[in-house]
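Student: I have a structure open and some questions about it. Can we go through it piece by piece?
Tutor: Go ahead.
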Amino acid sequence: MIEAQGLTKRYGRTVAVNDLSFTVQPGKVTGFLGPNGAGKSTTMRMILGLDNPSAGTVRIDGRRYSELKQPLRQVGALLEAKWVHPNRSARSHLRWMAASNRIPAKRVDEVLEIVGLTGVAGKRAGGFSLGMAQRLGIATALLGDPGVMLFDEPVNGLDPEGILWIRRFMHRLADEGRTVFVSSHLLSEMALTAQELIVIGRGRLIAQTSTRAFIDMASESAVRVRGPEMDRLHGVLTGQGLAVRDVPAGDDGPAALLVSNSSTEQVGELAGRVGLVLHELAAQRGSLEQAFIQLTGGEVEYHAGAPAGAPNGSPPARSPAAPTQPTGPLPRGTEAVDATRGGDAR
Amino acid sequence: MTLLTVERIKLFSTRSPWWCMILATALTVGLTSIFAATTKSADLSTLTPSVTQFAFNFGLVVMMVMATLAVTTEYRFSTIRSTFLAVPTRTPALVAKAVVVALLAGIVGEITAVGSWGVASLIQPDAPLGIDTAQEYRNVFGVGLIYLLSAVLALAVGLIVRQSAGAVVIELIYLLLLENLLPAIPRIGDHIQHWLPFTVGNNFIVAGQPETDDGPPAIEGMPFGPWGSLVYYAAVCVGLFVIGLILAKRRDA
């Protein structure tokens, strides 16, 4: 289990991670989702004690990383595949890592076998392809058979076969009861990999929720409906308490109505009951990417416009140049930021 | 002990340390053998043990480069992060690295020193190359100690600068230029010279040697005797290393 409390990292005036609190539970794959530059890697480095937080703490099974006796036996991490000396062989790299935490040397051959690198174990790691390097990184993470595992963008640059392999592999790790924490900037990838999601934007927590709930919210369905008597149609639908939006004529076709949070059945039946003629009735689903951008809306860029000398790095949302809160409505079952924060107070 | 094994594996599983060791030995022993072979029989009486060590700085520079690279390549390839993941308190891993690298440099230093002296004795068996006095012992066998301490210093610079080219350039400019130029400053130059670390370290080897030597020059009026000089030099090297440790502990990896 990983618990972060008010985790903050500042580089000069830039706030990379801002008062982040979350919990990662064992036995599940938890996705760490956010656009590039949202602070995912920084957070992971803080979890692993590589970067010192400016404020807040993060604990792994109740202890800070630097307090762990033989950390590789408790936490396995793949932050970047290329953290290997290019002139060292894969086996030598694993051998010294194993030796540092008194992991028996035969474990090196075991993990090489697991990731399928036995054949190239004696070759220089510098000559490895990205997929092979990634496998070596995973072998490193597995060395100490740890209960907590962190992967930073593990499928980046992999071919489909490699992506599938890693996805299955993480599910297996979680099924074995381990804590698996995977970061990604792709919601579509996380939808297939993670059961839980921690979503951040600009270093701040946007949501901690189940993947299913997040996707239901993200891919909010709408119904596009069109008929000769648009005004009456509008009245009937709003009369039933549905949210209706006018869509002017454009590339998608003639002017129509967009009914959110509804189904074609519902809209069709309502129109039929009052005898309205329909020319078009279609379900519309926004793409996950669209929804993700909308949700993390404006949280993508680095906030260059933060006022100079803001005390304690006041949240970027308050600065004039930064956009306000995410625009997407938070669905039921989703803990909003403040709820999470309040609930964690000890 | 575990961490010493780790650093040993790390050091010897890449090729550059081997090249550095071979180069250091070949340079010093090679230059000394040329020197011994070209010594005219009339000058044979001046070929003393200290003269056989005239080239030790060449090997020393090479071993300092090796020590620097032992830490800067870790930063260059981010293996320092793997190291700190394995040993999150950081200091023990870095101390282990210093011990392994310094011991290796010390051993190479002894090999080059004894090798240089030995090859000179082989080429010129009639030269006065016997090692009898304490000064002569220091002159040959002391070289390894200077290598050992200099490796700690080079490692410290690498730890502070964290960048191969930068660290090596700083070391070379300081060792080869600054320590030779600072004494040229009028009036205060001589006083500065007496406290320059490499000059003082060198004094451990050359103090009290006969003046007619072709070997590394002895400097008059040094504040410490030979062993005092060694302690002073050690203090500088270890002090710098401690600064490196503190920085490594504080900085984000």
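Student: How far apart do the C-alpha centres of domain 1 of chain A and domain 2 of chain A lie?
Tutor: They lie 41 Å apart. This is a predicted model, where local features need pLDDT of at least 70, side-chain atom pairs count only at pLDDT 80 or more, and totals for chains, interfaces and linings use all residues. Residues are numbered from 1 along each chain as its sequence is written, and chains are lettered from A and ligands numbered from 1 in the order in which they are written.
Student: Which residues does the assignment give to each domain of chain A?
Tutor: Domain 1 takes 2–74 + 146–217, and domain 2 takes 221–285. Such bounds come from an automatic or database domain assignment.
Student: Switching to the contact, how many residues come from chain A and from chain B?
Tutor: Chain A supplies 28 residues and chain B 23 residues. Two residues are in contact if their C-beta atoms, placed from the backbone, lie within 7 Å.
Student: Which helix gives the most to the side of chain A that touches chain B?
Tutor: Helix H2 (residues 90–100) of chain A does, with six residues. Helices (H or I, at least four residues) and strands (E, at least two) are DSSP runs, numbered from the N terminus.
Student: What about strand S9 of chain A, and why is it largely enclosed?
Tutor: Six of the seven residues of S9(A) (residues 204–210) are buried, so the rest of the structure largely encloses this strand. Buried means 20 or more other C-beta atoms within 10 Å of the residue's own, exposed means 12 or fewer, and partly exposed is in between, with C-beta atoms placed from the backbone.
Student: How do S8 and S9 of chain A run, and how many bridges join them?
Tutor: They run antiparallel, joined by six bridges. Two strands pair if DSSP finds at least two bridges between them. A:Val199 has A:Ala207 in S9(A) as its bridge partner. The hairpin has two residues between the strands, and A:Arg202 takes a positive phi there, near 50 degrees.
Student: Where is A:Arg102 found, and what is its phi?
Tutor: A:Arg102 is in the loop between H2 and helix H3 (106–115) of chain A, with a positive phi near 55 degrees. Most residues other than glycine have a negative phi.
Student: Is A:Arg102 buried or exposed?
Tutor: A:Arg102 counts as exposed because it has 12 C-beta neighbours inside 10 Å.
Student: And helix H1 of chain A, how many of its residues are buried?
Tutor: Seven of the eight residues of H1(A) (residues 40–47) are buried, including A:Lys40 and A:Met44.
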